[in-house]
Amino acid sequence: MENSNIIIRVATPADAHYATTVTDEMASSAKARGTGIAKRSPEYIEQKINEGKAVIALTKDGDWVGFCYIEVWKGEYVANSGLIVAPEYRKSGIAKLIKKRVFDLSREKYPDAKIFGLTTGLAVMKINSELGYEPVTYSELTDDEEFWAGCKSCVNYDILMSKERKNCMCTAMLYDPTDHYEPAETKQFFEENKNIFERLIRFKQWKLLKPFFEKQTAGGGSGAKSVLRHFLHF
């Protein structure tokens, strides 16, 4: 896929008409992957666009390609949320370019804030690592009740609450501007441990979903274990 025809920029109020396209694709993508996603309304996406807290990707002809937006929690934490790319442009590097632009926008607007994200996918973990994010426990994320309330529409919300918000299907990642490794270091760490992270994701799917499957039915190596103990709360 040729990316030279694609423009990635901060969204403006003139882009508000893409809001329904964005939310529809978020929903259909989550359904196709069988993963949870916190639902957002077109009105919410429009709000982010009008506030200058969103990044959009379009072809030069104006066809929608991708989107991501910024959320702010208590002024101390920033989340780059809702990353979505049109099906025909996936696996073309567009997601990485969008994430880079929204990350830069977050740093421009909120230079002192910690930037975090939650993801169920290894591909997004890789992109985040290349930007300087590190995997962290949920306790290092914002305690803003409004943020966690946003998870109520996710199909995995019961899992989150059963773990007292200490764990869920998503992996938490964080960029702390006052205490962080360089992107080259976090990228190297991910590459060296991606097989462990992949097994971690699969283990979480099995471990966290197992009690719910059982309820419905009724009515590695030392390094890997160390990572599991650090990121999971079993």
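Let me begin with a lysine: Lys 53 lies in the loop between H2 and S2. The model before you is a predicted one. In this model Lys 53 is buried, with a relative accessible area of 18%. Leaving aside its neighbours within four places in sequence, Lys 53 is in contact with Lys 48, Tyr 69, Ile 70, Val 72, Leu 105, Lys 109 and Tyr 110.

One of those contacts, Lys 48, deserves a remark of its own. Lys 48 has its place in helix H2. This lysine is buried and yet has no salt bridge; Glu 51, the nearest side chain of opposite charge, is 4.1 Å away. A salt bridge requires the nitrogen and the carboxyl oxygen to be within 4 Å. Apart from neighbours within four places in sequence, Lys 48 is in contact with Lys 53, Ala 54, Tyr 69, Ile 70 and Glu 71.

I turn now to the sheet. How many strands form it, and in what order? There are 7 strands, and they form an open sheet in the order S1-S2-S3-S4-S5-S7-S6, with mixed pairing. Strand S1 (6–10) and strand S6 (134–136) stand at the edges; each has a single partner strand, so one side of each is left without a neighbour in the sheet. On average, neighbouring strands of this sheet are turned by 25° against each other, direction ignored.

Strand S2 (residues 54–59) and strand S3 (residues 64–73) run antiparallel and are joined by 5 bridges. Ala 54, for example, has Tyr 69 as its bridge partner in S3.

Helix H3 (residues 94–109) lies across S1, S2, S3, strand S4 (77–85), strand S5 (114–119) and strand S7 (171–175), and runs at about 155° to S4. Helix H4 (residues 122–131) also packs on the sheet, where it touches S5 and S7; its direction makes about 15° with that of S7.

A single residue within the sheet illustrates the surroundings. Ala 57 is found in strand S2, and is buried, with a relative accessible area of 0%. Which residues does Ala 57 touch, not counting those up to four places away in sequence? They are Ile 6, Ile 7, Ile 8, Asp 63, Trp 64, Val 65, Gly 66, Ile 94 and Ile 98. Of these, Ile 8 is 49 residues from Ala 57 in sequence, while the two C-alpha atoms are 4.3 Å apart in space.

Next, the salt bridges. A search of the whole structure finds 13 of them, and I shall describe several.

In one of them, the side chains of Glu 25 and Arg 90 meet at 2.9 Å, N to O. Glu 25 lies in helix H1 (residues 19–33) and Arg 90 in the loop between S4 and H3, so this pair ties together parts that are 65 residues apart in sequence. Glu 25 counts as buried, at 15% relative accessibility, whereas Arg 90 counts as partly exposed, at 35%.

Another is formed by Arg 40 with Glu 71, the closest N and O atoms being 3.6 Å apart. Because Arg 40 lies in the loop between H1 and helix H2 (42–50) and Glu 71 in strand S3, the pair ties together parts that are 31 residues apart in sequence. Arg 40 is partly exposed, with a relative accessible area of 21%; Glu 71 counts as buried, at 3%. Glu 71 is also one of the contacts of Lys 48.

A further salt bridge brings together the side chains of Asp 176 and Lys 114, at 3.9 Å, N to O. The pair links distant parts of the chain, 62 residues apart: Asp 176 is in the loop between S7 and helix H7 (183–218), and Lys 114 is in strand S5. Asp 176 is buried, with a relative accessible area of 13%, while Lys 114 is partly exposed, at 27%. Lastly among the charged groups, Lys 96, Lys 126 and Glu 130 are linked in a network of salt bridges.

I close with the cysteines. How many disulfides does a search of the whole structure find? The search finds 0.

How values were computed
Residues are numbered from 1 along each chain as its sequence is written. This is a predicted model: local features need pLDDT of at least 70, side-chain atom pairs count only at pLDDT 80 or more; totals for chains, interfaces and linings use all residues. Side-chain values use heavy atoms; hydrogens and water are left out. Two strands pair if DSSP finds at least two bridges between them. Helices (H or I, at least four residues) and strands (E, at least two) are DSSP runs, numbered from the N terminus. Axes are lines fitted to C-alpha atoms, for helices over the stretch in contact, and angles run from 0 to 180 degrees between N-to-C directions. Contact means heavy atoms within 4.5 Å. Buried means under 20% relative accessible area, exposed over 50%, partly exposed in between (1.4 Å probe, protein chains only). A disulfide is a pair of cysteine sulfur atoms within 2.5 Å. Lys and Arg count as positive and Asp and Glu as negative; His and the chain ends are not counted.
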